[in-house]
Amino acid sequence: MTTRKIEILVGGFIVLACAAFLMLALKVADTGFGGASQTYTLYAKFDNIGGLKVRSPIKVGGVIVGRVGSIELDRVSYTPVVKLEINAEYSNFPETSSVAILTSGLLGEQYVGLLPGFVDDTVLMLGNGDTIEDTRSAIVLEELIGQFLFNRGN
Amino acid sequence: MSDVLVDIQNLSFSRGERVIYRDMSMQFVRGKVTAIMGPSGIGKTTLLKLIGGQLIPDSGNILFDGVNIPKLSRSALYQARKKMSMLFQSGALFTELSVFDNVAFPLREHTRLSESLIRLIVLMKLEAVGLRGARDLMPAELSGGMARRAALARAIALDPELIMYDEPFAGQDPISMGVIVRLIRELNNALGLTSIVVSHDVKEVMSIADYVYVVADKTVIGQGTPEQLRADPSPLVQQFLNGDADGAVPFHYKAAAYEDELMELGK
Amino acid sequence: MIANRLQKIGHQTLSTISGFGRAGIMLFGAIVGKPDFRKGFPLFIKQLYVIGVLSLMIILVSGLFIGMVLSLQGYNVLVKFGAEGMLGPLVSLSLLRELGPVVTALLFAGRAGSALTAEIGLMKATEQLSGMEMMAVDPLRRIIAPRFWAGVVAMPLLALIFNAVGILGGHLVGVEWLGVDAGSYWSAMQANVDLYQDVLNGVIKSAVFALVVIWIALHKGFDAIPTSEGISRATTQTVVTASLAVLGFDFILTALMFGG
């Protein structure tokens, strides 16, 4: 086995590994390099976030427009505050917009659904750091069942 | 420059509980073939490893060319080793390299000679041991005698001052034994080497050695030129030289009296 | 009787600890100090070939089959909940987080680790290491170091290839054969797999496993009793110890990375 042949095979091995990494990074994880695109931040307060997680998607009509940046508890009101990181290209949501925590399918993962509101002269657009007032919490299955049983009892 | 290349002074060495050498002294004179003989199992190979600095003695000095091997720092020891070389019993050729590359190995590691110059030196060394035609063979394709000769070519590649042979005659047919006897003698004379031969093949050793040490019972029991040794009065030396089965070195390994053990069985 | 047993336990503990010590000293001697790239690099490339390229075939084949099996088994469970859209995340996350690094490490221990132990043990038995030392060449630098680095580099690369091939194998069975929608296979995967959390943590895992496996393999070879029986025992020990160590470390790393 000549040195040259070994060098070529080792080179091929490394190229193959790089290709595998690129495939995992781009096609499987779908993450661009260098922190990806520009985003801006909105906040939303919920009563209950259910099973929402950091990096859960934010969808408008089923299209992903951003991801959940962080989830914290407000120190004063003790309600969860969700930080929404939204792609800068979708920057014109009116302040009448509402967000809801929804579930994809019966057992699927939870995501944030954003519903753009109406626009007229008195309505301003949401900018970086604004809070969305109109929120609907996650539906917690146990509570739903509890209510159902309670109503039946009456 | 003193006449003595390797000077072993009051060497003691033990492995765990077992004492191998006790207070042993030896001198190896420059340019001579000195042989160390003795029954197997007395640590002759150990002695070579002590000289090479692979083992550290409990006490005593091993002076090689004026430096005390056991006291050397790691890098100084590696410098000293460039001036000595050792021919292992198995040859210890690198199995993944061809004969040529084996001989070239020390040159490539320790010098920055050009490939063409290395080629020249390697062919010269292989010619000296008569294996120039076998340079492209792998060690696995060599016979035992050829492997030892190839290893010898590698051992002299860097023109060392000292060469140590560990059982060079063991397991060789008469012809390759003759070849190796001749090579040791010729290399010693032609290159001005100092040779240490460790062996228990009495006939071959007596034919090439300038000076012989007989080692047994943890120390030197007899020394001298082959002629002086033949006249040695010690029964142990005589037993070893003549190859008697029983004598000063008993046939039986140390044990309780045979009758006692037989009686125990009967109880 | 009890004193005897205690003595035996104490003796065994001491010899285990001194084994760790010898392994540490070996690694220290091999990799600490000024590296010589002129001589070292060709040796490193040679070992990358022996350790990495020659292990490629078994990694490719087992990656493909494990991906296919995962997909088949996952589909059968998910389809009962009508959630076969989650097949992509199931296959990719199992591979990236667990199976990729772990199975690669186990195969690596069996394929390359045992070969290394046997090779070095035989070099020791045939006095090649001793001979090298007498030629003033440090066997730790010349033999151990290039193999160590080649192993540490090769294993994460092999794990990446294993993952990629496994996910393609999952695609093959899930999409081409069982008829899961290709769009949902890939998009659900993209929505659930994170580059840092999943892909890079997997790479870190396999780098740790590489270190453990290659260290064990080299140490067992270097420390082997130089007889045919000693070498065969050392080779077996390499595979057993390395596999157990990989599983143990996998639990610790998983707890650290995904446990919180």
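**Salt bridges, cores and chain contacts in a predicted model**

R147(C) and E119(C) form a salt bridge, with their closest N and O atoms 2.8 Å apart; a salt bridge here is a side-chain nitrogen of Lys or Arg within 4 Å of a carboxyl oxygen of Asp or Glu. This pair links distant parts of the chain, 28 residues apart, with R147(C) in helix α6 of chain C and E119(C) in helix α4 (residues 87–125) of chain C. Helices (H or I, at least four residues) and strands (E, at least two) are DSSP runs, numbered from the N terminus. R147(C) is buried, with a relative accessible area of 4%, whereas E119(C), at 31%, counts as partly exposed. Buried means under 20% relative accessible area, exposed over 50%, and partly exposed in between (1.4 Å probe, protein chains only).

The model is predicted: local features need pLDDT of at least 70, side-chain atom pairs count only at pLDDT 80 or more, and totals for chains, interfaces and linings use all residues. Residues are numbered from 1 along each chain as its sequence is written, chains are lettered from A and ligands numbered from 1 in the order in which they are written, and side-chain values use heavy atoms, leaving out hydrogens and water.

Over all chains, the whole structure holds 21 salt bridges. One of them joins the side chains of R74(B) and D138(C) at 2.2 Å, N to O. That pair crosses between chains, from helix α2 (residues 74–81) of chain B to the loop between α5 (128–134) and α6 of chain C. D138(C) counts as buried, at 14% relative accessibility. Another salt bridge, between E109(B) and R142(C), spans 2.8 Å, N to O. E109(B) lies in helix α3 (residues 99–110) of chain B and R142(C) in helix α6 of chain C, so this pair also joins two chains. Both residues are buried. In chain B, a network of salt bridges links R30(B), D65(B), K83(B) and E161(B).

Turning to the nonpolar cores, the largest has 81 residues, and V28(A) and I167(C) have the most contacts inside it. Such a core is a set of buried Ala, Val, Leu, Ile, Met, Phe, Trp, Tyr and Cys residues joined through side-chain atoms within 4.5 Å. Helix α6 (residues 139–177) of chain C gives the most to this core, with 18 residues. A second, separate core of 49 residues includes V33(B), L93(B), I121(B) and A147(B).

Chains A and B do not touch, and their nearest C-alpha atoms are 11 Å apart.

Terms used:
Contact means heavy atoms within 4.5 Å.
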